[in-house]
Amino acid sequence: MDYQAVLEEVAAHARPFVRQGRVADYIPALERVSVDRFGMAVADIHGAVYGVGDWEVPFSVQSISKAFSLALVMAQSHGSQGDGDIWKRVGREPSGTPFNSLVQLEAENGIPRNPFINAGALVVTDRLQTLTGDASTSMLHFLREESGNPHLAFDQAVADSEAEHGDRNAALAHFMASFGNLENPVPSVIEHYFWQCSIEMSCRDLAVAGGFLARHGLRADGSRLLEAREAKRINAVMLTCGTYDAAGEFAYRVGLPAKSGVGGGIIAVIPGRCTLCVWSPGLDARGNSVAGAAALDHFTTLTGWSVF
Ligand code: DON
């Protein structure tokens, strides 16, 4: 497969979609980014990386961090309570509601539907905080190692902006705490969650760092992060829940496990082959990149590669 030629064609196809979405403004610091950006990268399981457009420009990973925090919790739980432990505190069913919704939590005893809505990610960050003592720094170190980019950093302005406008996430965390579903104090959990979301990475960095999901749990250096069945489970939850209340539509169009963020990035995995990352900040009403989804749709159509 000539990845570079495929990426050029995908980028040309996605261009008209770039201006169709709206840049997220509920976190004011995200608004600075130009809606015109578009980049895409492919990292194959052997370490080769290809890219097009703004593929080396860093952006705010936002909810893409949720896939990495889940992987780190599952990796840290080997041999102790096992990966079953986290699944007592968070489900793995699509929510069908917006990513920051509160409504299901009350009827479902403070147990979020899945780890990729905000409530579920707060529980996972809480667990990572207990396991590591510093949930956000442990994620940053992991991402630096896996991406091979030692310059990855938090974006303080984004983390501060999110904290300033963080009433919804604080409400989710307090509500879950009232059901006994947090181990750490709410202020500490939401602070680490905001830091994780604020990490700046490029399409290249994210495609490379997400390589373990395509390598059935093996890290870039060949060591094992996750058992193959654990990598399979994360990919499965990405497919069913990774793009929120648009996960059904996304599976229908793209047919790959994927995780989106309101910074406009989406990572997608072709197990056994490669990890993709696309970025374009214009979002649809559900918080997913419009041009990003169009690009992934076209990529799987052109290559015939999907999990189906
Ligand atoms: O908590 C929030 O609202 C943001 N830090 C992350 C949301 C997000 O990326 C959802 N994505 N589509």
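Between which two helices does the loop that holds His216 lie? The loop runs between helix H10 (211-214) and helix H11 (228-241). The points below take up this residue and other parts of the model, which is predicted.

1. His216. The phi of His216 is positive, near 55 degrees, and His216 is a residue other than glycine. His216 has 18 C-beta neighbours inside 10 Å and therefore counts as partly exposed.

2. Asn109. Asn109 sits in the loop between H3 and H4. Is Asn109 buried or exposed? Asn109 is exposed, because there are 10 other C-beta atoms within 10 Å and the cut-off for an exposed residue is 12 or fewer.

3. Domains. The protein chain is divided into domain 1 (3-60 + 202-303) and domain 2 (63-198). Taken over C-alpha atoms, the centres of domain 1 and domain 2 are 20 Å apart.

4. Contact between the domains. On the side of domain 1, 31 residues are in contact with 33 residues of domain 2. Helix H9 (203-209), H11, strand S5 (258-260) and strand S6 (265-270) each give at least two residues to the side of domain 1 that touches domain 2. Which element gives the most to this side? It is H11, with 6 residues. By class, the residues on this side of domain 1 are 19 nonpolar, 7 polar and 5 charged.

5. Leu239. Helix H11 also holds Leu239. Leu239 counts as buried because it has 23 C-beta neighbours inside 10 Å, where 20 or more are needed. Leaving aside residues up to four places away in sequence, Leu239 touches Ala251 and Pro257. Leu239 and Trp87 are 152 residues apart along the chain, and their C-alpha atoms are separated by 17 Å.

6. Ligand shell. The residues that surround the ligand are Gln62, Ser63, Phe99, Asn100, Asn118, Glu162, Asn169, Cys197, Ser260, Gly261, Val262 and Gly287. How many of the residues in this shell are nonpolar, polar and charged? The shell has 3 nonpolar, 8 polar and 1 charged residues. Domain 1 and domain 2 each supply at least three residues of the shell.

7. Helix H7, span and buried side. Asn169, named above in the ligand shell, is also one of the buried residues of H7. Helix H7 covers residues 167-178, 12 residues in total, and reaches 16 Å from its first C-alpha to its last, close to the 16 Å expected at 1.5 Å a residue. The buried residues of H7 are Asn169, Leu172, Ala173 and Met176. Seen down the axis of H7, these buried residues fall within an arc of 95 degrees, so they line one face of the helix. In general, an α-helix has 3.6 residues a turn, so residues three or four places apart point the same way.

8. What covers the buried residues of H7? The cover includes helix H3 (103-107), helix H4 (118-132) and helix H8 (186-198). On the face of H7 turned away from its buried side are the exposed residues Asp167, His174 and Ser178. After H7 comes Gly180, with a positive phi near 75 degrees.

Key: Residues numbered from 1 in each chain as written. Predicted model: local features only at pLDDT ≥ 70, side-chain atom pairs only at ≥ 80, totals over all residues. Helix = DSSP H or I, 4+ residues; strand = E, 2+ residues; numbered from the N terminus. Expected span 1.5 Å × (residues − 1). Arc of directions from axis to C-beta. Contact = placed C-beta atoms within 7 Å. Domains from an automatic or database assignment. Nonpolar A, V, L, I, M, F, W, Y, C, P; charged D, E, K, R; others polar. Near = placed C-beta within 6 Å.
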